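Okay, thanks everyone, let's get going.

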Amino acid sequence: MALFGNAHSVDPVSAQQEYGRLLGQGEQVHAAYLLIRDTILFTDRRLILVDKQGITGKKVEYHSIPYRSITHFAVETAGTFDLDAELKIWLSGNSVPIQKTFTKGVDIYEVQAILTQFVTR
């Protein structure tokens, strides 16, 4: 499940309001990133991938990934010629990682810190 494109950060309060119907009682969005039409939400309970499909984007698939199912992850920082950073997340029972590409405007170390905070609980 690799989604391609460049992500940029979104205000967590705005994401909380927009995707409130997806959240459990008391669940809070800590960080959010927009990936062209798709969205990545880091909540205090899980990682949510919002995958808009089709030409109009009216059909939407929501992937809910409990942090406990993440076996490991890797970040690759942007370089001189490759200006994008990457995040790879491996899930239990799946040998192919989920890959996300972030623009240089996103602090990939911040993304890594968020994952570390929730995965290592």
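I'll start with confidence, then go through the core, the strands and the aromatic pairs.

So, first off, this is a predicted model. The protein averages a pLDDT of 87, with 92% of the residues at 70 or above. Helix 1, residues 12–18, has the highest confidence, with a mean of 95, while strand 1, residues 7–10, has the lowest, at 80.

Now the core. The largest nonpolar core has 21 residues, and the ones touching the most other members are Tyr-33, Phe-42, Leu-47, Ile-89, Phe-102 and Val-111. Who supplies two or more residues to this core? That would be strands 2, 3, 4, 7 and 8, plus helix 2. Helix 2 gives the largest share, 5 residues. There's also another core, apart from that one, with 8 residues, including Leu-23 and Ala-32.

Setting aside neighbours within four places in sequence, Leu-47 is in contact with, among others, Phe-42, Ile-65, Tyr-67 and Ile-89.

On to strand 4, residues 46–53. Why do we call it largely enclosed by the rest of the structure? Because 6 of its 8 residues are buried. Strand 4 pairs antiparallel with strand 3 over 4 bridges, and a hairpin with 2 residues links those two strands.

How many aromatic pairs does the structure hold? It holds 2. Tyr-33 and Phe-42 have ring centres 6.0 Å apart and planes at 90°, so that pair is edge-to-face. Tyr-33 is buried, at 1% relative accessibility, and Phe-42 is buried too, at 0%.

The other pair, Tyr-67 and Phe-118, is stacked, at 4.9 Å centre to centre with 15° between the planes. Tyr-67 lies in the loop between strands 5 and 6, and Phe-118 is in helix 2, so the pair ties together parts that are 51 residues apart in sequence. Tyr-67 counts as buried at 4% relative accessibility, and Phe-118 is buried at 4% as well.

That's my tour, happy to take questions.

Terms used. Residues numbered from 1 in each chain as written. Predicted model: local features only at pLDDT ≥ 70, side-chain atom pairs only at ≥ 80, totals over all residues. Heavy atoms only, no water. pLDDT = per-residue confidence, 0-100. Core = buried A, V, L, I, M, F, W, Y, C linked by side-chain atoms within 4.5 Å. Buried < 20%, exposed > 50% of the residue type's maximum accessible area, 1.4 Å probe, protein only. Contact = heavy atoms within 4.5 Å. Pairing = 2+ DSSP bridges. Phe/Tyr/Trp six-rings, centres within 6.5 Å; stacked < 30°, edge-to-face > 60°.
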